[in-house]
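Hi,

Here is the structure I said I would pass on. Have a look at it first, and then read my notes below.

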Amino acid sequence: MPVNQTSLFTRRLRNGAWRVVELITTPVVPADYLDVIAPLRNPTVLRARIEAVRPETADAVTLELRPGRGWEPHQPGQYVRLGVDVDGVRLWRAYSVTSAAGRRDGRFTVTVNAVRDGVVSGHLLRHARKGMLVHLDVPAGDFVLTSPRPARTLFVTAGSGITPVMGMLRSALPELGDVVVVHSARTPEGVVFGAELRELAAQGRIRLIERHTRADGRLKPAALADLVPDLFERETWACGPGDMLDDLQEHWADAGAAERLHVERFRPTVLVAGDGGTVTFEKSGLVVDVAAGATVLDAAEAAGQLMRSGCRMGICFKCVLPMREGIVRDVRDGKLTTATEVDGDNVLIQTCISTAAGPCRLDA
Amino acid sequence: MTTLQRKEVNPIAHLSPEDIEQLGRELDAIRDEILAVRGEQDARHIRRMIAVQRRLELGSRAVLLFSVFPPAWVLGTIGLSISKILENMEIGHNILHGQYDFMRDPKIHSTTWEWDSASPAEQWKHSHNELHHKYTNVVGRDNDLGYGIMRVDEQQRWAPAHLGQPLYNFVNACFFEYGIAAYDLELGRNLRTKKRRNNPEFRARARQVLHKIRRQVTRDYVVHPALALPVGFAVGNPLGALFGTMAANFVANLARNLWTHSVIMCGHFPNGVETFERTSITGETRGEWYLRQMLGSANISGSKLMHIMTGNLSHQIEHHLFPDLPASRYAEVAPKVRALFERYQLNYVTGPLVFQVASAWAKVFRLALPNRKPAREIDHSIPPRHPAEVAA
């Protein structure tokens with residue numbers, strides 16, 4: 001078949017040409033040179049450029065992002081991981097996509113709320129500027145609308161929990177029949193997207209129940225039942241602080257409606273440093289208690305784990321292992337290194353000069 | 001050089017074990033100061049260096065497409081030489097030391113970086129970071145003393161073959177990257193017996209080196225010269241374009257090799273640098289390790305441009321004290337380190353490049369001949385001391 005032969009021939013030609021291009025740039029790959037000129041064109045490293053920065057409240061800001069090659073469109077309610085260089089160190093955080101799905105220009109927005117002592121959120125709030133590059137991961141998460149769309153919907157959110165729900169409302173409100181939004185924030189001014197939500201309510205497109213916790217206290221599930229009598233007949237999406245979600249899940253389970261409640265938990269990324277800790281080696285299954293001051297390398301070897309090692313004094317970088325989650329301390333200078341699940345890429349630690357400062361999981 | 005333990009006058013006799021530990025604490029404090037400010041500035045520095053180098057390389061390669069014209073040949077060759085030097089020294093060497101691992105950028109990380117050198121990064125990290133930096137100037141442990149082909153210390157046994165070492169050293173300088181690759185492979189030792197030659201681990205590593213060399217040679221001497229052909233045909237001189245580009249690449253590689261070899265010779269070979277007995281490092285403390293780095297390294301004085309072109313290995317002393325701190329910080333800590341040398345009455349070996357290179361070459365010549373006097377007995381009372389003595 002001539003058609004196939006041609007395509008095979010062109011494919012071979014293209015592969016051959018590509019191999020020559022790779023030879024031109026060896027020992028690095030062509031994309032490394034491309035990075036210098038057009039960082040968004042690199043197909044192997046997904047990045048985004050900040051196209052606009054819009055303040056939402058005193059401590060929330062919306063970033064409009066133009067993703068580079070390799071991006072996949074999101075479903076309303078999903079989150080993306082952003083890798084932001086703060087003080088020279090790349091840190092990853094997850095943010096819900098707040099823009100409507102399927103925008104023509106391919107851009108999307110995330111809305112960053114300041115977290116107390118939040119390194120990344122604080123940095124973005126103060127330093128995010130048009131033109132800045134951030135690293136990006138494809139959208140993830142199963143906190144998404146069901147299809148077919150439910151006839152009656154309830155959203156229960158608190159604080160920054162409104163962000164994934166805003167993405168859903170902006171994407172799919174016309175497809176959702178009867179929508180109730182119950183949202184808690186500390187003060188009326190602190191309601192992220194307050195104006196837009198109130199406008200939707202004024203137009204009668206949603207029923208909005210705003211709760212200001214500084215004046216009214218926290219919302220309990222029993223009170224929620226008073227506000228929304230047909231609670232369990234609605235498909236419900238909830239996002240907010242962990243204990244609120246615990247309360248809701250218990251309430252829905254008690255009513256036998258657990259499957260109608262969808263929750264999204266923002267994982268806490270704060271790890272508190274202690275002395276010593278349990279280190280789990282995921283591949284070998286070994287679990288070792290590393291005492292304060294003892295190095296991960298020594299403790300693991302004493303327990304029979306095969307470890308890569310070199311200089312054993314922190315200068316050769318041969319013993320580095322990926323830490324999936326955990327917190328370690330440099331025995332030389334006390335510096336802490338943390339890894340959370342959101343870091344994704346795995347934080348590489350030198351086992352010969354690291355001691356556990358809490359529970360750690362290593363990819364070894 | 002004579003190992004410190006066999007010298008007539010011991011340069012550290014005035015230091016007590018407590019002094020040495022105090023010295024170590026003061027160096028740790030200098031390290032902590034840099035760690036506290038390490039961040040944005042260092043990340044920007046290495047990214048800028050990478051961007052400059054890649055632009056320079058692309059630009060020079062583009063100019064060399066017209067290598068058939070002499071001015072383009074000269075310009076492109078100079079640019080490519082500088083680009084190759086930057087790539088090896090300020091970028092590759094320092095990234096492979098883990099100096100920028102703190103950035104958590106998988107693209108600029110000691111575990112992923114590959115450089116334009118015949119020696120694969122992984123193998124070089126073993127022989128350089130692990131062996132040379134841990135066992136700096138310990139005769140018999142640190143093969144960087146003479147790279148296994150030269151005698152650079154009175155303690156090394158003389159053989160008639162050493163008569164030729166000025167020649168070996170010159171050839172090694174011209175083809176330094178291959179010398180380093182052979183050295184990482186311990187080629188001499190591994191080719192000697194059949195058993196070693198057939199060792200699968202050795203063969204695998206040798207294959208990696210050959211694969212890398214093949215790619216780089218193809219790039220420099222086949223692909224890029226071929227790319228210059230169209231212009232060559234256009235002006236009716238294809239052979240001029242082909243061989244012109246080949247020659248440009250050869251000259252750039254040669255310039256890079258001679259430069260890096262000279263800089264590296266200045267690090268540990270000039271007069272005034274100390275070497276150590278193998279037995280002297282058993283149970284070495286952190287303070288003693290620091291002291292050995294201080295005595296075993298030498299600097300090159302010069303301008304800021306000079307420091308960048310040497311990858312800051314002109315601050316070899318600071319580099320050996322803090323091999324994992326960003327190299328661009330060495331200039332900042334150098335005055336503090338030097339003040340420590342003065343306070344502890346130690347010899348801070350430094351000098352202009354030409355002087356240091358001459359000093360190192362003089363040693364290569366001198367030690368090509370057997371020693372005039374037999375070596376002195378080891379004086380075991382000379383520190384670095386054994387921990388039992390420190391405790392006593």
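Predicted model: local features only at pLDDT ≥ 70, side-chain atom pairs only at ≥ 80, totals over all residues.

The end C-alpha atoms of residues 62-82 of chain B lie 15 Å apart, and this span is 76% helix and 0% strand.

Now over to chain A, and to helix H4 (residues 162-172). How many of the 11 residues of this helix are buried? Nine of them are, so H4 of chain A is largely enclosed by the rest of the structure. If you want to click through them, the buried ones are Ile162(A), Thr163(A), Pro164(A), Val165(A), Met166(A), Gly167(A), Met168(A), Leu169(A) and Ala172(A). And what covers them? The cover includes several strands of chain A, namely E4 (89-96), E5 (108-113), E7 (152-158), E8 (178-185) and E10 (235-239), and helix H5 (194-202) is part of it too.

Next, the cysteines. A search of the whole structure turns up zero disulfides over all chains. Take Cys174(B): the closest cysteine sulfur to its own belongs to Cys266(B), 16 Å away, which is too far for a bond. Cys174(B) also counts as buried, at 11% relative accessibility. Over in chain A, Cys239(A) is buried as well, with a relative accessible area of 0%.

A few backbone details in chain A are worth a look while you have it open:

- The peptide bond from Thr26(A) to Pro27(A) is cis, with omega near 10 degrees. You will find Pro27(A) in the loop between helix H1 (2-25) and helix H2 (30-37).
- The bond from Ser147(A) to Pro148(A) is cis too, with omega near 5 degrees. Pro148(A) sits in the loop between strand E6 (133-136) and E7.
- Phe193(A) has a positive phi, near 60 degrees, and is not a glycine. This residue is in the loop between E8 and H5, and at 4% relative accessibility it counts as buried.
- Phe317(A) also has a positive phi near 60 degrees. Its place is the loop between helix H9 (296-302) and strand E14 (320-330), and Phe317(A) counts as buried at 7% relative accessibility.

Cheers

Terms used. Residues numbered from 1 in each chain as written. Chains lettered and ligands numbered in written order. Heavy atoms only, no water. Buried < 20%, exposed > 50% of the residue type's maximum accessible area, 1.4 Å probe, protein only. Helix = DSSP H or I, 4+ residues; strand = E, 2+ residues; numbered from the N terminus. Contact = heavy atoms within 4.5 Å. Disulfide = S-S within 2.5 Å.
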